[in-house]
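Keep the structure open as you read.

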Amino acid sequence: MLSPALLQDAAERFGTPLYVYDAAEIDGALGRVRAAFGDARVFYAMKANSNFTILERLRARGVGFEAVSPGELARVRHLGCAGSEVIVNGPAKTREEYELGQAMGATFVLDRLSEVALVAPGTAVLLRVNPALDVSTHDHLATGAAKSKFGVRLEDVERGVKLAREAGLVVRGLHVHIGSAIREAADFGMAFEKLAKLDVGTIDVLDVGGGWGLDADLSGIASKARQARDALGASELWVEPGRYLVARSGALLTRVVGLKQTGRSFVIVDAGMTELMRPMLYGASHPLLALYAGGTEGVFDLAGPACESGDLLASNVTLPTPSVGDAVAVLEAGAYGAAMSSTYLSRSRPAEVMYDAGAWQVIRRRERPEDVWRAELAEAPTLA
Ligand code: LLP
């Protein structure tokens, strides 16, 4: 991450709240993925952060994209991606996604058997497997459990592959993604082993998704993935990391608006659930970096501006007592920070800036109030 002095500089220049990214950190994370996974093909799960500058940076380094919405697909099309660079996934793909993805020649991940009828013969597909596994993460972040909505049940996979082949689809292989922010490499191993036991005939791809916690043992996960790939007789391993590639590159900068004592000690800051939803939504704890010297240490809750009691960026954190105007960096916010921000309370979204090769670059300007309400006003009708 960037030095405290640089973070302070960004807060001064661009104002707060502000998302800042360190480009070198993204390159570093990609380097670690490549070191662990060797020749695996990397498809960035762009939901983690779909800012064009980040997408372009990854693309220039040979990374493809996993897109899960019409908007994400529109972004990859805007970048000019070839079909070979794109995986289309999601449990509720729209007609638009089927059409656009097929026109591009993208690979589709089928999430249920009835999707076989929704793609044209000749389309390259992977079948997503639900390995029915409980994993070490927050309930909302688990996607491979028996009760989760994703993927095809293990017992239906062989039949599904057969159906897809009969329909003339090109079944390139299997896909599995067991959840996000997973701490234990063993969880991945158990999932991959279940896939490795399936008998699906000749396939060339095993896509093991993403989901790696920031401190995950990547080489452990990679070796288990390779074992499963070999057991299935596939030649290619595909991975779809989101968080791992961008989380540590980003911080949310916020300034202290006031201190107050109720039944708890609050530091009220100018960012909250609208800028970083993860603490409220998943009880996630993001490390804080005080960008001030401050007074004696205290234990505080960092609360945002929303009129919601759950609007906390951190709770029970020990910090030097700040003064009004002091800045705090909320770290590990590069993934699912800006991407999940909202305009609740008609709050304009913050700017995003990237530090690259010794200089700041504004990669998304701060929104203005009219950006938030523009779609409500009468517009000239557009012809289809
Ligand atoms: N592949 C598939 C099919 C996915 O559904 C996801 C994430 C990924 C790859 C990337 O997972 P990652 O490497 O980022 O863990 N909003 C949540 C995370 C939701 C992830 C959803 N799917 C959060 O803030 O923690």
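In which hand does α2 pass α8? α2 passes α8 in a right-handed crossing. A crossing is right-handed if the near helix is turned clockwise from the far one by less than a right angle, and left-handed if anticlockwise.

The model is predicted: local features need pLDDT of at least 70, side-chain atom pairs count only at pLDDT 80 or more, and totals for chains, interfaces and linings use all residues. Residues are numbered from 1 along each chain as its sequence is written.

**Helix pair α2 and α8**

- Helix α2 covers residues 23–37, and helix α8 covers residues 218–232. Helices (H or I, at least four residues) and strands (E, at least two) are DSSP runs, numbered from the N terminus.
- α2 and α8 pack at an angle of about 40°, with their axes 8 Å apart. Axes are lines fitted to C-alpha atoms, for helices over the stretch in contact, and angles run from 0 to 180 degrees between N-to-C directions.
- That angle makes α2 oblique to α8. Angles under 35 degrees count as roughly parallel, over 145 as roughly antiparallel, 65 to 115 as roughly perpendicular and the rest as oblique.
- From α2, the contact takes R32, V33, A36 and F37. From α8, it takes L218, S219 and A222. Two residues are in contact if their C-beta atoms, placed from the backbone, lie within 7 Å.
- By class, the contact of α2 with α8 has five nonpolar residues, one polar and one charged. Ala, Val, Leu, Ile, Met, Phe, Trp, Tyr, Cys and Pro count as nonpolar, Asp, Glu, Lys and Arg as charged, and the others, Gly among them, as polar.

**Helix pair α4 and α5**

- The axes of helix α4 (residues 70–79) and helix α5 (residues 95–104) come within 10 Å and cross at roughly 25°. That makes α4 roughly parallel to α5.
- α4 passes α5 in a left-handed crossing.
- On the α4 side, P70, L73 and R77 take part. They meet E96, E97, L100, G101 and M104 in α5.
- The contact of α4 with α5 has four nonpolar residues, one polar and three charged.

**Two domains**

- The chain is assigned domain 1 (4–19 + 247–372) and domain 2 (23–246). These bounds come from an automatic or database domain assignment.
- The C-alpha centres of domain 1 and domain 2 lie 32 Å apart. The contact takes 18 residues from each of the two domains.
- β17 (351–356) and β18 (359–364) each supply at least two residues of the side of domain 1 that touches domain 2. β17 gives the most to that side, with four residues.
- That side of domain 1 has nine nonpolar, four polar and five charged residues.

**Around the ligand**

- Why does the ligand lie between domain 1 and domain 2? Both domains give residues to the shell around the ligand, so it lies between them.
- There are 23 residues around the ligand, and A45, S180, G210, G242 and Y336 come nearest. A residue is near a molecule or strand if its C-beta atom, placed from the backbone, lies within 6 Å of it.
- α9 (243–246) and α10 (278–282) each supply at least two residues of the shell.
- The shell has eleven nonpolar, eight polar and four charged residues.

**Backbone details**

- The peptide bond from T16 to P17 is cis, with omega near -10°. P17 lies in the loop between α1 (4–14) and β1 (18–22).
- A132 is a residue other than glycine with a positive phi, near 55°. A132 sits in the loop between β6 (124–130) and β7 (152–153).
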